[in-house]
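Biologist: I am new to this structure. Please pick one part, look at it closely, and then show me what else is there.

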Amino acid sequence: MNRRRLLQTLAALGFSPWLLSPVKPRHQYPFGNATLLHFTDSHAQLEPLYYREPALNLGTGAGKHLPPYLTGKAFLDFFGIAAHSRLAHACTPLDFSEAAQVFGKMGGFAHLATLVKQIRAQRGAENTLLLDGGDTWQGSATALWTQGHDMIAASNLLGVDFMTGHWEFTYGSQQVLDNLKRFNGELLAHNISLSEEAQFASGSETAAVFAPYRIKTLNKVRIAIIGQAYPYTPIANPKRFTPDWQFGIQEQNLQILIRQIRQQKAADVIVLLSHNGMAVDLKLASRVSGLDIILGGHTHDAIPRPMVVDNPEGKTWVTNAGSHGKFLAVVDLYVNNGRLQNLRYQLLPVFAHLLPADQAMQQLIDSIRQPYLAQLQQPLAVADQLLYRRDTYKGSFDPLILNALRQVNGADVALSPGFRWGGTLLPGQTINFEAVMNHTAVTYPQTYTREMSGAQLKAILEDVADNLFNPDPYYQQGGDMVRVGGMTYRCDPEAAFGNRISELRLDNGELLAAGKRYQVAGWAGVGEELSGKPVWELLVEYLKVNT
């Protein structure tokens, strides 16, 4: 692609040409002397896909009417995005089926690679860093079957410099360490440490599992990248995968680390590569001083303009770069006299039909997928409506999983996690085995059926609701509400813990009784290891019989 074609394509994406201009003197516009490229939460989607953003993304507390909780028209109005534009389609669910037919699929590592290569070529590869916010090794059949090796190969070819993690850890600590030997970049995480027992047993002089940060010099600008892995990993996912590792937000340790970097004058710019979730990042930015930028992930929020947060000693720009390979964030930094003076930020949508596939990356993807193609492409059903996952309470794909759990297991009620990953299918699109795996590919997919009382079911819903709606972001884990089949309930997000959930009723209208026992089916339990069939087997069986 020549420069003129590149500029035309990027203009169609909404990309300002100044970002591709050489560095100019500081008094001229555009400006900048180093560039950060950031993507996050790709969830192992090597190929382009449809992915609908939420229509409902409820928040509580002081920020409930601000990003990341704005959706639809309110989102467009806040960020000044024209309705019916490419960026409007990328960032909202408005007229999704119709718009998707016009704008096509998004993402795909081959198309992302084209964009990364062209920006690096224009800005100078030595003046850019490519940062991955995590949730890269999980979310597809091939990632599960290769233990993340497919995504490591793609990340290496893409040229990722640093990453942090979350779902990566569900392969188990030893597999993570083995995988990182294949990775050409480095995983950073200041907030993961060995337990005292594990450190003693290993004889290690330090409790650190990964490097907390690294400093890179770009065009004479020293940039510190601090890794912040998902702090709630042993709670949101089975602790048995990382039994010797301790996680957490670790705000005080982060502040100490930032001050050390500042006092030693080791860096001009300090960046937190975070997988906290945006609400947590916004609070963290208000309490920790010295961070220039937080490049966030986990909650899949596509934020076209950074939120500027004041803290005791300055301000921090907080961003989030969406998910599923749909976006690449470009941050141009202007640094002078050893400090960040200003930045320019753009969230670029990756439209597959506008960005040609990088040949080398496409060849790698094809070679990864070829041994599995017959199984992945196995047709199971046809979507009779728009099928999506994201929304606060339930997506339209969720009933397929819930109905399969209830029907195959003969249960009264079904529960399914509020995961935010999984592609969207348009009406009339084939539901193949790959689509099923894109919604279910975890390392703990086993199903269960057990008796629970009405009181226990209410307690489960209250607990998940508190993880979602607690007014203190540090108590939020960043997913959506647990999906429920066979029953309904009312939820008041603003109520206190224990009082949010009411009017639990079976589908026949009968109120659940606190002391009565019900057959409940589910999957992906985070407690003891289960022995039931993987959920995708139940869903395949259900689709073959019922559609």
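Modeller: Start with strand β10 (residues 293–296), which pairs with β12 in the parallel sense over 4 bridges. Two strands pair if DSSP finds at least two bridges between them. Strands are DSSP runs of E with at least two residues, helices are runs of H or I with at least four, and both are numbered from the N terminus. This is a predicted model: local features need pLDDT of at least 70, side-chain atom pairs count only at pLDDT 80 or more, and totals for chains, interfaces and linings use all residues. Residues are numbered from 1 along each chain as its sequence is written, and side-chain values use heavy atoms, with hydrogens and water left out.

Stay with β12. Gly296 stands opposite Asn320 of β12. Strand β11 (residues 307–311) also pairs with β12, in the antiparallel sense, over 5 bridges. Here Val309 has Thr316 in β12 as its bridge partner. Between β11 and β12 lie 2 residues, and the two strands form a hairpin. Strand β12 (residues 314–320) is mostly covered, with 5 of its 7 residues buried. Buried means under 20% relative accessible area, exposed over 50%, and partly exposed in between, with a 1.4 Å probe and protein chains only.

Now the open sheet. Its 6 strands run in the order β4-β3-β2-β1-β13-β14, with mixed pairing. The edges are β4 (186–187) and β14 (339–349); each has a single partner strand, so one side of each has no neighbour in the sheet. Inside this order, β2 and strand β3 (residues 162–163) run parallel, joined by 2 bridges. Asp132 has Met163 in β3 as its bridge partner.

Follow the chain on from β2. Ser140 sits in the loop between β2 (128–132) and α6 (141–145). Its relative accessibility is 5%, so Ser140 counts as buried. The Ser140 side chain reaches the backbone nitrogen of Ala143 at 3.1 Å. Beyond four places in sequence, Ser140 is in contact (heavy atoms within 4.5 Å) with His43, Ala44, Gln45, Asp150, Asn438 and Ala441.

Last, two helices. Helix α5 (residues 109–123) packs with helix α7 (residues 149–158) at an angle of about 25°, their axes 10 Å apart. That makes α5 roughly parallel to α7. Angles under 35 degrees count as roughly parallel, over 145 as roughly antiparallel, 65 to 115 as roughly perpendicular and the rest as oblique. Among the residues of α5 that meet α7 are Phe109, Leu112 and Val116. Residues on the α7 side include Met151 and Leu158.

Definitions and conventions. Polar contact = N/O pair within 3.5 Å; in protein donor to acceptor, adjacent residues only side chain to side chain. Axes fitted to C-alpha atoms, helices over the stretch in contact; angles between N-to-C directions.
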